[in-house]
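Please keep the sequence and the model open while reading.

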Amino acid sequence: MLSNNASGVAERIDAALDELSGVDLTAVSVTELLRLAERCERLLRRQRVVCGDIAVQLGRRDVADLGGRPHKVLADWLRISPAEARRRATVAEPLAGRTTLTGEPLPPRQPATAQAWREGELDVEHVRVIARFLAELPIAVPREDRDGAEAFLAEHARSLRPDQLAR
């Protein structure tokens with residue numbers, strides 16, 4: 001069962017979606033439809049952030065507490081493929097906060113991408129393009145240059161489609 005806080009938040013989101021799905025879109029202008037589509041896309045992206053955070057947190061839990069491998073348990077619970085459950089965690093892991101062995105907080109491995117992701121500016125494909133670029137950098141590239149490249153790509157991803165960013 002969800003904690004009271006999480007449950008209440010989820011119930012309010014459900015209610016808002018019920019209300020939004022009842023809007024008569026035939027009476028909405030093209031410009032308003034596009035603005036609504038943009039807003040819905042940002043909300044969907046932000047929802048994916050939460051889903052990714054959940055997948056990451058499950059991956060950090062003890063397998064004995066979960067009753068199995070995290071991606072398999074999540075897949076069974078949500079009725080999604082284990083591959084999709086694993087993808088969620090893989091995409092979100094470099095964007096999630098971390099802690100040291102002594103419990104001190106550390107920033108995400110990709111802080112600029114994480115910020116844009118959490119703000120709903122990036123789609124999963126944007127994140128994959130950035131991750132693919134960073135993975136293909138030679139190991140000899142200094143950390144400062146990697147960080148600069150990540151910040152540069154994250155900033156440009158805010159205004160480009162994933163296919164444009166990849167070029």
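The notes below start with the basis of the values and then go topic by topic.

The model is predicted: local features need pLDDT of at least 70, side-chain atom pairs count only at pLDDT 80 or more, and totals for chains, interfaces and linings use all residues. Residues are numbered from 1 along each chain as its sequence is written, and side-chain values use heavy atoms, with hydrogens and water left out.

**Largest pocket**

- The largest pocket holds about 1200 Å³ of space. A pocket is an open set of points on a 1 Å grid over the protein atoms alone where a 1.4 Å probe fits, with protein on both sides within 12 Å along at least five of seven lines. The volume is the space filled by probe spheres set on the points, which are joined across faces, edges and corners.
- Its lining has 27 residues, and Ile13, Gln47, Val50, Cys51 and Ile54 are the closest to the centre. Lining residues have an atom within 4 Å of a point.
- Helix 1 (4-21), helix 2 (30-59) and helix 4 (70-78) each supply at least two lining residues, and helix 2 gives the largest share, 10 residues. Helices (H or I, at least four residues) and strands (E, at least two) are DSSP runs numbered from the N terminus.
- By type, the lining comprises 22 nonpolar residues, one polar and four charged. Ala, Val, Leu, Ile, Met, Phe, Trp, Tyr, Cys and Pro count as nonpolar, Asp, Glu, Lys and Arg as charged, and the others, Gly among them, as polar.

**Largest nonpolar core**

- This core has 17 residues, and Trp117, Leu122, Val127, Ile130 and Leu165 have the most contacts inside it. Such a core is a set of buried Ala, Val, Leu, Ile, Met, Phe, Trp, Tyr and Cys residues joined through side-chain atoms within 4.5 Å.
- Helix 6, helix 7 and helix 8 (143-157) each supply at least two core residues; helix 7 has the largest share, five residues.
- Beyond four places in sequence, Leu122 touches residues including Trp117, Val127, Ile130 and Arg45. Contact means heavy atoms within 4.5 Å.

**Two loop residues**

- Leu95 is in the loop between helix 5 (82-92) and strand 1 (98-99). Leu95 counts as buried because its relative accessibility is 1%, buried being under 20% relative accessible area with a 1.4 Å probe and protein chains only.
- Among the residues that Leu95 touches beyond four places in sequence are Pro108, Trp117 and Val127.
- Glu121 sits in the loop between helix 6 (111-118) and helix 7 (124-136) and is buried, at 18%.
- Beyond four places in sequence, Glu121 touches Arg42, Arg45, Ala116, His126, Ala157 and Arg158.

Definitions and conventions. Buried means under 20% relative accessible area, exposed over 50%, partly exposed in between (1.4 Å probe, protein chains only).
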